[in-house]
Amino acid sequence: TCKFDEQAAPIKALIQGFDDFFGKWTSGGGGGGSADQDSDMMESFCQICRSLLSTIDKEGLNQLREIIPNIGKILPQVATSEAKAHIVNDQGTSSIDKVGSATKRRMHLFHVLFKSLCSAGRPVLIVHDDIHWGDSVEGLKDFIANYVNIPCALQKGARHHGLMIVGTFRSNEVNDEVIETVNSIEKSAHVTKVAIGELAQTDIGKLLSATLCLPLRYTQELADLVHTKTRGNPFFIIQFLKTIIQNQMLQYSVSHRRWMWDCDVIDMQMISDGVAELLTTRFNQLPLHLMKTVIIASCFGSQVEDSTIDLMEPFNMQGALQLAIREGIMEKAGPIYQFTHDLIRQAVYESVPVNERKAFHKTIGMVLLASAADDSATHLLAVEQINFYCQDVSILCPEECAQFAGINATAAKFAIAASSFEQARSYIDAGMRLLKPNHWDEQYSLSLELHQMSASISCINGDIGDMSSCLHEIIAHVKSFEDSLTASSLLSKLLAASSKYDEAMSNILSILSALGEKFPEDITLPHVLNELSVIQTTCANISVEQVKRLLPMKDKPKLNAMKFLSMLCSYSIQAKPMLVPILSCRMVRITIEYGFCDDSIVGLVTAGFSLFSFTDDIQLGYRIGKVGESFIEESPNRHALWSRLCFELDSNLKAMVEPMQSAVGNCPDRYNSAMLTGDIDSAMMSLLAHCIGSLHIGTELTSLSKSFVACIKQSTKYQQETVLYLAMSAFGACIFLSGGNGIGEVEVKSYQELNQIGERKKHLHLLYQNFFNEMYCYFWVGDYMKVFELSKKHKPTGQKRILEVTRTFFEGIASLTLARHTHQPNWRRIGEEALGKMIKWEKISSWNFEQHVKLLQAELHYLNGHMNSAEVAYKASIAAAREHKFTHYVALASELYGRFCVENLMSEKGAAQLQVAIDEYKQWGAMKKVRDVKAFMDTVNPSSIPRRLSGKI
């Protein structure tokens, strides 16, 4: 149950509900039923925990523990009992590298939690009580959305079954956002709305008749009076009846053997303005000590934990709380005392004058603060109380302002460490509000700390406007270069998040220059190759053991330089690729000279990627990348590193050397890593990489269309414009080959429109992808002249990526076919050069490229008139593609072999091979190709082809 409160943020109530759920099991059981029932419930709970342990790793569990502390208490017990090696670390790191990461990371963690709750095979009931108290429903809206939708297009199963959510609110107090949220959920889940209205006079009459054991005609007048006084509100009715019984206006008469009352007396003595004053009057009749105790309890909200009461020792509350329970004011559920109704709590709280109420909050806060020591939970509780007192800064003396600003800064650090970013924001705002007017002069260190935390929180929450103003405030007042580094880092992230890569890079380059790391403005290919030659010599024999022997980097300027170099590498890949090798080589040299740090991993992997991209030493580049990869799993920031390096490592280095299916298969894990860190940019790029990679390994096109649709929808949702256009570009090729799957579900722009966008935005990567995907379509339909017309417009840049390998293969097949048809020597030369390159790449990965080499050799043998050798090579290409699980290349080689046979008067054998090609194209889902091959079969000497293969297939 998640009970909302007018004093607490909505997300805190949501988190508290789940923390209470796990807290019930920390003592070994929480069923509360018979032994068999408890055993059954414990097994279900263990299943939930096993699901969590299998879904996320130690870092993810540690992040979840930071949000829901009781998970940290229960999961190690389950892990031990199941003989698993999943142990939650006491030290956790919150990765906050990208703008807007906080909310997305937390929502992903809750999504994993919900999925685990529904894995136990039992119905799950989640109650959201009093959601009208939420000041902002945005967090609640995202939170509830996790129940009904699985956000990752890479996961199976789009709904959680056996899950019921109950939300309660007062219709006269709820805001429009809650209603809109409920209405939006109806689109993806079954929603039943139950309105509990006021009781009518007849209903009250029946209630009184049944309760007082009297005929309806006897209770009708009292029912009319009760309805007038309470307006039919059930809670008011109960309180009203309790009061008139307590005041002996309604009492049992022994002599008459029935309940008696005087409506005139009740009507004269009771006030008809509602129940609030009635509750206040009743409360004022309580003993003084009990009154003080429930007032203190009301200052904590609708509930307060037993452990908190223990800390309030000076008030001696335990005995009075038991009396409050007997009076029906409060009740106890496990370790929690709570008011029996929030209106009772409200009446108690508001019965105290405002100034006295603030004094209560201050006193409570100071008592808790004295007991807090280094306990973050107690410190946060104390600061929340003190901040009620601090709402009116004018009543505070300067000493109090300074003291309370400092404890708010400490509270913000505690909250950030626990990933409670909304809480941290409230503490930072409170602390900044308490600073002196000239705080940059008199409270410089505290001012800098609060403003830096404010900018960081704005960054991870995606509040770009607040982040910008705060950064400019810092930069205008910092007293040293070192003090400006955090703000400069955040400013660069802000610029990059706004797609202002040139400005972000310029800012970082100026910082690096001040740190002693200067770079030339104009970088040429010879300069790049010269830098890489140094790395080739330095790292020729690099190994994991060699890197492990490096000492930790402790030089602070170099640590800062590595941080900024890592950021600059990420932005340069998008905006200035020629700079990437220079940066990565510098990072490797700094690591060798000054020691190892997390950013050294980025340097190693990016240096390996640079060698792959700009030299022929692919094996060394792959080995350096793998050395860097081996340190990712050991890093506390493994998820941030996995998602950050997906492009360099998985989409290029590993896709070139390892089986391509394996590299593409890593993308879902990289997506999950990115979501765990809240890095939506990398998550969407991983999703895109999975879709594009799946297209090039021959994944069935109908299912792939669904993945593209999901990718386009998510990139639209998260406003990832780059991913959106790149996904449209690749999806266009998928739609073309599949014959129209996915059309209409999402908007897909034409290549002409996408090229216009790329030219307008100077987006070189989009322009290249458009060229490649358009060429891809022309290649598969055999329009080889169009392939070269496009290729001439987009000459290779000298930077090698995995798509360049496919481009070389396509141009090789096209040129050898054109050479055979036109007898022009230039086409032969292009084909032979392509074969030479593919032979080199086959030596790096025979799995990925053997079928390409064999097919190019077959076409070259055919061109040279070596028919027997050509036939052997065609068969070898088909066998290799089948063995290496590339369905589309099995189909292509079978088609070209079939055409070879038909063109050389082996019609029956050709027809058989063309039928194999049709079957393989069907398996791939390329219905466009199926129709084309069938059309070809219809045109070639029908009399020499068996009837079942002459267009009647």
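Strand 7 (residues 330-333) pairs with strand 8 in the antiparallel sense, over four bridges. The model is predicted.

- Strand 8 spans residues 336-339, and both of its faces are covered.
- On one side, Ile336 and Gln338 are buried.
- Methionine 330 has phenylalanine 339 of strand 8 as its bridge partner.
- Two residues lie between the strands in the hairpin of strand 7 and strand 8. In that hairpin, glycine 334 takes a positive phi near 65 degrees.
- Strand 6 (residues 303-305) also runs antiparallel to strand 8, joined by three bridges.
- Valine 304 has tyrosine 337 of strand 8 as its bridge partner.

**Helix 45: length and end**

- Helix 45 covers residues 867-883, which is 17 residues.
- At 1.5 Å a residue, the helix should span 24 Å, and its end C-alpha atoms are 24 Å apart, so the two values agree.
- Just after helix 45, lysine 885 takes a positive phi of about 65 degrees.

- Buried residues in helix 45 are Ala870, Glu871, Ala873, Tyr874, Ser877, Ile878, Ala880 and Ala881.
- An α-helix has 3.6 residues a turn, so residues three or four places apart point the same way.
- The buried residues of helix 45 pack against helix 44 (846-864), helix 46 (887-903) and helix 47 (907-924).

Methods:
Residues are numbered from 1 along each chain as its sequence is written. This is a predicted model: local features need pLDDT of at least 70, side-chain atom pairs count only at pLDDT 80 or more; totals for chains, interfaces and linings use all residues. Side-chain values use heavy atoms; hydrogens and water are left out. Buried means under 20% relative accessible area, exposed over 50%, partly exposed in between (1.4 Å probe, protein chains only). Two strands pair if DSSP finds at least two bridges between them. The expected span of a helix is 1.5 Å times one less than its number of residues. Contact means heavy atoms within 4.5 Å.
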